[in-house]
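Thanks for coming. I will go through one model today, starting with its surface and ending with a hairpin.

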Amino acid sequence: MNSVKLIGRLAQHPESRYTKTGRAVTNFSVATSRLTLVGDEQKEITDYHSIVVWGALAEKCGNNLAKGDKVLV
C-alpha cells in the first residue's frame with residue numbers, strides 16, 4: 001500500500017455538506033510548495049491537492065479550518 005503525507009496550507013475555505021442519508025462530507029484544497037532548479041536559478045512550484053473528508057472528521061474540518069491554515073493530511 002502506498003502512503004503520502006502532505007503538509008501545506010488550505011487554499012480555500014472548506015465546503016461542508018450532507019448526503020441524503022445525513023453523512024457529512026467536506027471538500028478542501030491543500031497547497032504544497034517545492035523548490036526546483038530551472039537552469040541556474042531555483043524556482044518555487046506550488047501544487048494543489050483536492051481533499052475529501054467524510055463523517056465526524058468532515059464536521060470537525062468544516063467547523064475548525066479556514067483558508068490559510070496549516071494542515072497535515
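**Surface, fold and one hairpin**

The chain has an accessible surface of about 5,700 Å², and carbon and sulfur atoms account for 49% of that; the areas come from the Shrake-Rupley method with a 1.4 Å probe. This is a predicted model, where local features need pLDDT of at least 70, side-chain atom pairs count only at pLDDT 80 or more, and totals for chains, interfaces and linings use all residues. Residues are numbered from 1 along each chain as its sequence is written, and side-chain values use heavy atoms, with hydrogens and water left out.

Of the 73 residues, 25% count as buried, meaning under 20% relative accessible area with a 1.4 Å probe, protein chains only.

On overall dimensions, the C-alpha atoms fill a box of roughly 55 × 30 × 15 Å along the principal axes. The radius of gyration is 15 Å, whereas a compact globule of 73 residues would have one near 11 Å. That radius is taken over C-alpha atoms, and the globule rule is 2.2 Å times the number of residues to the power 0.38.

Now the fold. There are 1 helix and 5 strands, in the order β-β-β-β-α-β along the sequence. These are DSSP runs, with helices H or I of at least four residues and strands E of at least two, numbered from the N terminus.

Last, the hairpin. Strands β2 (residues 15-18) and β3 (residues 24-38) run antiparallel and are joined by 4 bridges; strands pair if DSSP finds at least two bridges between them. Tyr 18 has Ala 24 in β3 as its bridge partner. Between the strands lie 5 residues, and Gly 22 in this hairpin takes a positive phi near 95°.

Note on methods
Buried < 20%, exposed > 50% of the residue type's maximum accessible area, 1.4 Å probe, protein only.
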